[in-house]
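Me: I would like to go through the strand pairing in this protein. Here is the model.

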Amino acid sequence: MTPITTNTITTRVTTTETRHEHHPSQRPARRRAGLVGAATAPLARAQDAHDHSQHARPAQPAATAPAPAAAEAPRARRGTASGPGSVYTPNGWSLPSRMVDGVREFHLVAEEIEHEFGPGSRIKAWGYNGTTPGPTLEAIEGERVRIYVTNRLKEGTSVHWHGLLLPSGMDGVKGLTQPPIAPGETYVYEFTLRQHGTHMYHPHADEMVQLAMGMMGLFIIHPRGPEEEPVDRDYAMLLHNWAVHPGTYVPDPSVMQDFDVWTLNSKAFPATEPLVARSGERVRIRIGNLSMWNHPMHLHGVQFAVTGGDGGRWPRAQWRNEVTEIVGVGQMRDFEFIAVPGDWAFHCHMAHHTMGPMGHDIPNTLGVDQSGVEQRIQRILPGFMAMGEHGMAEHQDHVDMGHMPGPENTLAMAAGRGPFGNIGMGGMFTVVKVRDDIAPGDYRDPGWYRHPPGELTRRVSSDPSFGQPVRRGQVASAGSDALPTPRRDGGHHNH
Ligand SMILES: [Cu+2]
């Protein structure tokens, strides 16, 4: 098995991982069975194996003694030894679960954590089980789940299971359906999963603060049987925004619009893991949005089908092809596509959401010669940086040259180095990397794409007067080949 190198939190795991190790020759059978649907049989095996291990332990009355989470430390990244496990959460992980008397048990811990958006930017955040987003919970439609929630914060919390169909009393709304889980307390939620699809969990107590601090997670419910069109790679991510003022270490929950850091699974590009696939594989990207903005998520290179939303996977007839899809606040959307070779940008199309920390109320100095002005302003306003004369892309060049170190604990505003120089983007940006030679189940970063001959743009001149382009207000010096004029005679052009 090939080790995952991109995530230090977790490592490879046994049972469920084994299901992903296929020789290419086995792929047709796997496709028929369905990656997720195939969970039924292997999962049964996993449960059997796991239930045996339960015999060794003294029976524990569930209502009073939650299973010790340490028994299954976070060694799983993708799925668990006892879980369905087919979702890959980039920069994240799936929470191991255990089967107790036929009920799938999880244990979430709400707590303060250290979090890094990317090199050079660390914060005090709140999350679950040591991370933001909290670990992905994975289960199968029809299962009964029991979820312990221990509160190690210094204020009350609750967990709302966003989008799940469940009894009102399990809905996790502080004050409405339960008292707050006080600091030090553990509550238990238990319900039967009556649906499948992409869902989320988050507090419904002091939401403004607790969400702003990073408390959120994905809750993926796999269908009971095979999916109509099984996917080969099943990625999941949460969109979020953070107000971490330059030089500070704690997100500011009072900010409503002008956020500094925009993240995919709480990481800002270039710290976002690439989404890796093999050419021809069917890829799904599940996206949930717990930020304060809607995000038009845009994928290059393919038309993806939007195949699901808050109500789970849509019927085939409802799928539609898009290249950009708005994932609204509180919504979930599933994108699916067949991978084609290349390095393809995947990002939010709100231009400011693919930037790092920046002020938004800056004077517009585009086209203004600012020689000497910046230094003079800096005498009264240390750290001041004007917008560039020729655009913002100058920013990272300044940083690279050491002219502009930026405030303490702050990411570069436009970061990320590619094979052709600075990418000039940050925030909600990652790269879908598709290659012909990636083994099924290998999620390691393959490096940059090697473009086949003739398939890469290139410089043909450095002279601004090159060629004779037609420009408005100037006499065209060369004739042009006219496009065929549309016929208006009723479409008899083939006669
Ligand atoms: Cu956005």
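Me: How many bridges join β4 to strand β9, and do they run parallel or antiparallel?
Reply: This is a predicted model. Strand β9 covers residues 217-222, and Glu138 stands opposite Ile220 in β9. The count of bridges joining β4 to β9 is four, and the direction is parallel.

Me: Which are the edge strands of the open sheet?
Reply: The open sheet has four strands in the order β4-β9-β8-β6, with mixed pairing. From one strand to the next the twist averages 25 degrees.

Me: In β16, which residue is the bridge partner of Gly308?
Reply: Strand β15 (residues 304-309) is joined to β16 (residues 312-313) by two bridges, running antiparallel. A hairpin through two residues connects β15 to β16. Gly308 also stands opposite Asp334 in β19, but its partner in β16 is Arg313.

Me: What is the bridge partner of Phe304 in β17?
Reply: β15 and β17 (residues 320-322) pair in the antiparallel sense over three bridges. Three bridges also join β15 to β19 (residues 332-338), again antiparallel. On the β17 side, Phe304 is partnered by Glu322.

Me: What share of the contacts with a separation of 6 or more comes from residues 24 or more positions apart?
Reply: The protein has six helices and 23 strands. Of its 495 residues, 41% count as buried. For contacts with a separation of 6 or more, the share from residues 24 or more positions apart is 72%.

Technical notes: Residues numbered from 1 in each chain as written. Predicted model: local features only at pLDDT ≥ 70, side-chain atom pairs only at ≥ 80, totals over all residues. Buried ≥ 20, exposed ≤ 12 C-beta atoms within 10 Å, placed from the backbone. Contact = placed C-beta atoms within 7 Å. Pairing = 2+ DSSP bridges. Axes fitted to C-alpha atoms, helices over the stretch in contact; angles between N-to-C directions.
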